[in-house]
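Please read them with the structure open.

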Amino acid sequence: MTQLHDRAPVPAGGAGHRGHPVSRTRLVGVLGGMGPAATVDFYGKLVEETAATCDQGHVPVVIWGDPRVPDRSLSLLGGGEDPTPYLRRGVEGLKQAGCEVLAVPCNTAHAFVPPLAEEAGLELVSIIEVTADALAADGVRAAGVLATSGTLRAGLYADALRRRGVAVIEPDESGQRQVTAAIGAVKGGGVQPAHRRALAELSRSLADRGAERVVTACTELVLALDRSSVPVPVLDPARLLARRLVEVAFGAPATHRGGPRRSRMPDFPYDAEGAPFPDAQHAAG
């Protein structure tokens, strides 16, 4: 975790993150509230991933946290209200607040958000694309994906990964019910040991089926899965999004021209939090 220290304020136009002038930092809009706990978790990761030496060195952020957005997954499955008007309101609100860059720490919302970001003229840093880039850059051939049923139905990760030559392994019907139950438990503040065990067992089954990585492709799942009980590295897309967002806020383009961008995440066998797995200490040096 990044160590934060109180330092003297950086003057306007002075150096902030890694020497970047504060005045050139881009204002980031976070379309959150889907759900609230995941949004809080994401902002904490954004702070941790910023190599700042003072308050002024952090990424300036406006968070739109509206939990009233209808269930994205239910809508994609054909049984719920279209969340687009709520999402559009949030995107437009962030644009009016002066944001230039958009991040959405909700995987399923990416089935709706890209055209809204384009309408508003905001540069979207996609949690889906960032994660797919990281997997492809590490040479992963097959990845297990734990996600909402809506994300799977929309093919968000399947499409992004297959474009990069990465096979997708998804839970069976019974396993997907366990994923849905765990997501609901996080949203309801009632995660039980049984939920954690079920996710761990399901992750192990994906590894047994050939998954070289397990992707917690719902921002609630990372709050319920014990990565230490999974035999392969577990990726946290929210962490990857935070790392990429820091780069974009300080001047890098949201997409890499000419092929997958190399993630700043340490090479595996590190987990998505940057810590080496117990059985890979030798590889970590």
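1. Salt bridges first. The structure, a predicted model, holds 17 salt bridges.

2. Start with Arg-26 and Glu-123. They form a salt bridge, and their closest N and O atoms are 2.5 Å apart. Distant parts of the chain are linked here: Arg-26 sits in the segment before S1, Glu-123 in strand S4, and 97 residues separate them. Is Arg-26 buried or exposed? Its relative accessibility is 18%, so Arg-26 counts as buried; the cut-off for buried is under 20%. Glu-123, at 24%, counts as partly exposed.

3. Next, Arg-239 and Glu-48. This salt bridge has its closest N and O atoms 2.8 Å apart. Arg-239 belongs to helix H10 and Glu-48 to helix H1, so far as sequence goes 191 residues apart. Arg-239 is buried, with a relative accessible area of 6%.4. Glu-212 lies in the loop between helix H9 (193–208) and S7, and Arg-141 in the loop between H5 and S5, so the pair ties together parts 71 residues apart in sequence. Glu-212 is buried at a relative accessible area of 19%. Arg-141 is exposed, with 63% relative accessibility.

4. One network deserves a look. Glu-48, Glu-49, Arg-239 and Arg-243 are joined by salt bridges that share partners.

5. Now a charged residue without such a partner. Arg-72 lies in helix H2 (residues 72–76). Which side chain of opposite charge is nearest to Arg-72? That is Asp-71, 5.9 Å away. A salt bridge needs the nitrogen within 4 Å of a carboxyl oxygen. Arg-72 is buried and has no salt bridge. Leaving aside residues up to four places away in sequence, Arg-72 touches Met-34, Pro-83, Cys-106, Thr-108, Ala-109, Phe-112 and Lys-187.

6. On overall make-up, the chain has 11 helices and 8 strands. Of its 285 residues, 53% are buried. Among contacts with a separation of 6 or more, 73% come from residues 24 or more positions apart.

7. Val-30 has Ala-103 in S3 as its bridge partner.

8. The salt bridge between Arg-239 and Glu-48 links H10 with H1.

9. Val-113, Leu-116, Ala-117 and Ala-120 are buried. Why do they count as being on the same side of H4? They cover an arc of only 100 degrees around the axis, which puts them there. The face turned away from the buried side carries the exposed residues Glu-118 and Glu-119. The cover over the buried residues of H4 includes S1, helix H3 (84–96), S3 and S4. Gly-121 follows H4 and has a positive phi, near 75 degrees.

10. Another open sheet of 4 strands has the order S6-S5-S7-S8, with parallel pairing. Its edge strands are strand S6 (167–169) and strand S8 (234–235), each pairing on one side only. Strand S7 (residues 213–216) pairs with S8 in the parallel sense over 2 bridges. What is the bridge partner of Val-215 in S8? It is Leu-235. Helix H5 (residues 127–137) lies across strand S5 (142–146), S7 and S8, running at about 170 degrees to S7.

How values were computed
Residues numbered from 1 in each chain as written. Predicted model: local features only at pLDDT ≥ 70, side-chain atom pairs only at ≥ 80, totals over all residues. Heavy atoms only, no water. Buried < 20%, exposed > 50% of the residue type's maximum accessible area, 1.4 Å probe, protein only. Lys, Arg positive; Asp, Glu negative; His and termini not counted. Contact = heavy atoms within 4.5 Å. Pairing = 2+ DSSP bridges. Arc of directions from axis to C-beta. Axes fitted to C-alpha atoms, helices over the stretch in contact; angles between N-to-C directions.
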